[in-house]
Each structure stands twice: as structure tokens, then as C-alpha cells.
Amino acid sequence: MITHHLNDKLLMAYAAGTLPEAFNLVVATHISLCDTCRARLGAFEAVGGAVLERNIGAVPMAADALSATLARIKAETAPPAAASRPAAPRDAVLPAPLRDYVGGGVDQVRWRNVGGGVRQAILPTSRHASARLLYIPAGVAVPDHGHGGLELTLVLQGAFADEHDRFARGDIEIADETVEHTPIAEAGADCICLAATDAPLRFKGLMPRLAQPFLRI
Amino acid sequence: MLTGRKRSAGRRSGQTAVADRQADDWAELVARVAAHQDADAFTALFEHFAPRVKAFLIKSGAEHTLAEECAQDVMVTVWNKAAQFDAARASVATWVFTIARNRRIDMLRRDRRPEPEQLDWGPSADADQHDALALQQETEKLARAIRALPEKQRIVVERAYLGELTHNEIAEETGLPLGTIKSRIRLALERLRHAMS
């Protein structure tokens, strides 16, 4: 049961297509797990449909536009009713959008140790924001950090809790500069999260500070 | 070919914007393209949507020539993907918007936008006809609701969808009257849950 959802702001920006790639990946992954937000996204896209059709006017096409378009359609070799692409093999932890970035399931992730038993894998996205997978052994604290910008953390396996709340598979934590917290992975299954941020993390405390160069963030 | 009826509908679009066709007719036209590669149906869709997509792309920052070319690309995609359109899931305007948005991201070399995992929404034939009709008409409802917003707020919504605002510039409370389509969110959810069970 997912209890922490995307907010309107993120859904609208994702519907409009204006988020940095790393945030798009988190939103797409959350929606892959959350029917509620999938339905809400449909509503935000419907607003886009209304803006397109009714709110911004029309600009006449060139005189030969229709015939040119029909000629292109005729010339194209692809069958009109192209089938949707075959689904990639399923994975118990990584939904489809993440599998595309990892190049396979969770066993394909190339983890790097970052100290304290915590591992991470940075995912290739645009430089406007960064995305990484985090592996936090059960019972271990994620290094204490504040946030310089927006940070999204989506749980894929296990659960973590901080001073405020508990987050399990599918739950997304949306944190900005006002949030300072020390999430701890719950006992039981090790915790795997997808985290994205548009600002470098500010770590407090000696060990994490030493580890920061290796975190490459 | 932009003559008569359709063209005048385009001119009126800013204010009253009562399209000559009903929203559910657009869905019927897409179905005809999908089933019979019906060029007449496509022509009607083209004359209504292509000038709007072009306006959308110009207002998103494209030069006229580029916008013209990309609007044609969008309409080629409408033809090619007609079979994937699901009238019980989105209005034609909404579906065209998503195609135009994706074309704009490529056109302006914006950040990649991964899609959520595709779900089987269940057979659309099962969807209640009345619900499907209401969904096709929601664009009208939403457009009216957006126009009823205070001007400042309306401009923010339009600019957000034209790609002019970053996520930081979109207010936490969007002010969008999504209550007008709350029932639609509920219906989508019911359908998803039904398909999963």
C-alpha cells in the first residue's frame, strides 16, 4: 500500500515534459508502481489537451501541408498499426523505466561501495540533475544530510524511516532544503532506493564528509 | 484545403471555441483511421489539430518553418499510432497533446523523458459507453475551467504546458480546478484496478 505520492507540481511538470531527466526517471518509476498517480497523471495530461485544443489558438498550416503529410504517410514503409514494443523481462525490484537505465534487472546493477556498507550506482542522465540507486543494508543509517535543492527518494525494496515517517516500496519522499533527516533502513530486507537531486548533497559529520569525494555528487 | 467550416473553427478558437464536431466524433475519426486507413477521417483530424499543434510549438519557442515541419510529424504519428489510441483512457485532444509534447522535447533537445511501464488497462470495450463519452468531453470542461481561473493563474497553467516554466516555477498549489474531473481520476483508477484483478 503506497502512502507517499507525487505532488501536483511534479505531475504537472512531468505531463508538460519539463523536468530534468533524473526527476523524469523517478516520476516514471513511481507511476509504474502506483495506480493512483498513473490516474492523476492522466488528469494532468488532459489539462495539456485542453490547453492545446482550446486555450492557445491555431496557426494555419502551409497550403500544401495536408497533401505533403499524406504523401509522407504513403511513402513510409512502416505498417500503420505498429505494435507496442515487447515488454522487457520483468524484475521483482526494478520497474521498466529503471531497467532501461540499468541495462537489466537488479542483478545487473554495478554497485560501488561508498562506506558504512552503503553502496550506490550513478545512472546516466543529463547534468540538470543526478540519479542514483542506493543500497542500504538493513538497520544501517543513510549518511545524515541536508538538501540544497529538491531531492526525490523512491523506495524499491525494503523500507526506511526517519524522524518524520516511514517509506516502503513505491513510496516517494519529496524533500527540499527545509528537510534535515537521518533515514535508517529497517531491519529485515536490505533497502534499495532510487534517489535524484538537482543539487549536491551537503553531508554533515566526519565519515560521510570523507566519503563525499567517492560519492561523486 | 483549409477552407470553410474548419477554418472558421480555427479562428474562433481563442474565446468561444465551440468546435464544429463533438469531442466523441474525434475519437470516431481516429478509430476510422486505425481500422480502414481512412484518408477522409484523417483529413478532418488534420484540419482541426495540425494548426493547433503548430500554434503550440510556436508558442513553445519554435520558428514557423520548424513548427510546420514538426506539426506534420505529429500528424504522421497520429496516423501511425491510431490503433493505440484508447478512447476510454483519454480524449483525442489529450492524446494529440502527448504526441506533440514528445515531439517538442526532441525538437528543442530537452531532457529525455522516460515513460512509465506500460500497463494492460483491460479491454476498452468493457468501459461504460457513458463514461467514455464523458471522458471525450472533458477537454471542453477543463478548457472552460482554465479560462475561469484568475488571469495570473491561467497564464501560469498555460506557460507550464508550453514548457516555459521549470518545476521550481510551478507553484506547490497549482490552483488547477481538477475537481471538475475528479470523477475521471476515479474512473481511471477503477479501470486499472479492474484490469489488475
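Helices, of at least four residues, and strands, of at least two, are taken here as DSSP runs numbered from the N terminus. On that basis, chain A of this predicted model holds six helices and 11 strands. Chain B, in contrast, has nine helices and zero strands, and its elements follow the pattern α-α-α-α-α-α-α-α-α along the sequence.

A look at the interior of each chain comes next. Chain A has 217 residues, of which 57% count as buried; for the 197 residues of chain B the figure is 52%. Contacts between residues at least 6 apart in sequence can be sorted by how far along the chain they reach. In chain A, 65% of such contacts join residues at least 24 apart, and in chain B the share is 66%.

The two chains meet in a contact to which chain B brings 85 residues and chain A brings 69 residues. The size of an interface is often given as the accessible area lost when the parts come together. Here, about 6,900 Å² is buried between chain B and chain A, with 62% of that area coming from carbon and sulfur atoms. On the chain B side, B:Glu117, B:Tyr161 and B:His167 supply 12% of the area that this chain buries against chain A, more than any other three residues.

The C-alpha atom of A:Ala13 lies 9.9 Å from that of A:Phe23, a residue 10 places apart from it along the chain.

Helices of the two chains also pack against each other. Two packed helices are described by the angle between their axes and the distance between the axes. For helix H3 (residues 35-55) of chain A and helix H5 (residues 92-107) of chain B, the angle is about 90° and the axes are 7 Å apart. Angles of 65 to 115 degrees count as roughly perpendicular, so H3(A) and H5(B) are roughly perpendicular to each other. From H3(A), the contact is made by A:Glu45, A:Ala46, A:Gly48, A:Gly49, A:Leu52 and A:Glu53, and from H5(B) by B:Ala93, B:Thr94, B:Val96, B:Phe97, B:Thr98 and B:Arg101. These residues divide into five nonpolar, four polar and three charged.

With a disulfide taken as a pair of cysteine sulfur atoms within 2.5 Å, the count over all chains is zero. A:Cys34 is in no disulfide, and the nearest cysteine sulfur, in A:Cys37, is 3.8 Å away. A:Cys34 is also buried, at a relative accessible area of 2%. For A:Cys191, the closest cysteine sulfur is that of A:Cys193, at 3.5 Å, which is too far for a bond. A:Cys191 counts as buried too, with 0% relative accessibility.

Finally, the backbone deserves a glance. Most residues other than glycine have a negative phi. Phi of B:Gln37, however, is positive, near 45°. This residue lies in the loop between helix H2 (23-36) and helix H3 (39-59) of chain B, and at 38% relative accessibility it counts as partly exposed. B:Arg109 likewise has a positive phi, of about 50°. B:Arg109 is found in the loop between H5 and helix H6 (129-136) of chain B and, at 76% relative accessibility, counts as exposed.

How values were computed. Residues are numbered from 1 along each chain as its sequence is written. Chains are lettered from A and ligands numbered from 1 in the order in which they are written. This is a predicted model: local features need pLDDT of at least 70, side-chain atom pairs count only at pLDDT 80 or more; totals for chains, interfaces and linings use all residues. Side-chain values use heavy atoms; hydrogens and water are left out. Axes are lines fitted to C-alpha atoms, for helices over the stretch in contact, and angles run from 0 to 180 degrees between N-to-C directions. Angles under 35 degrees count as roughly parallel, over 145 as roughly antiparallel, 65 to 115 as roughly perpendicular and the rest as oblique. Contact means heavy atoms within 4.5 Å. Ala, Val, Leu, Ile, Met, Phe, Trp, Tyr, Cys and Pro count as nonpolar, Asp, Glu, Lys and Arg as charged, and the others, Gly among them, as polar. Buried means under 20% relative accessible area, exposed over 50%, partly exposed in between (1.4 Å probe, protein chains only). Buried area is the accessible area (1.4 Å probe) that two parts lose on being put together, summed over both.
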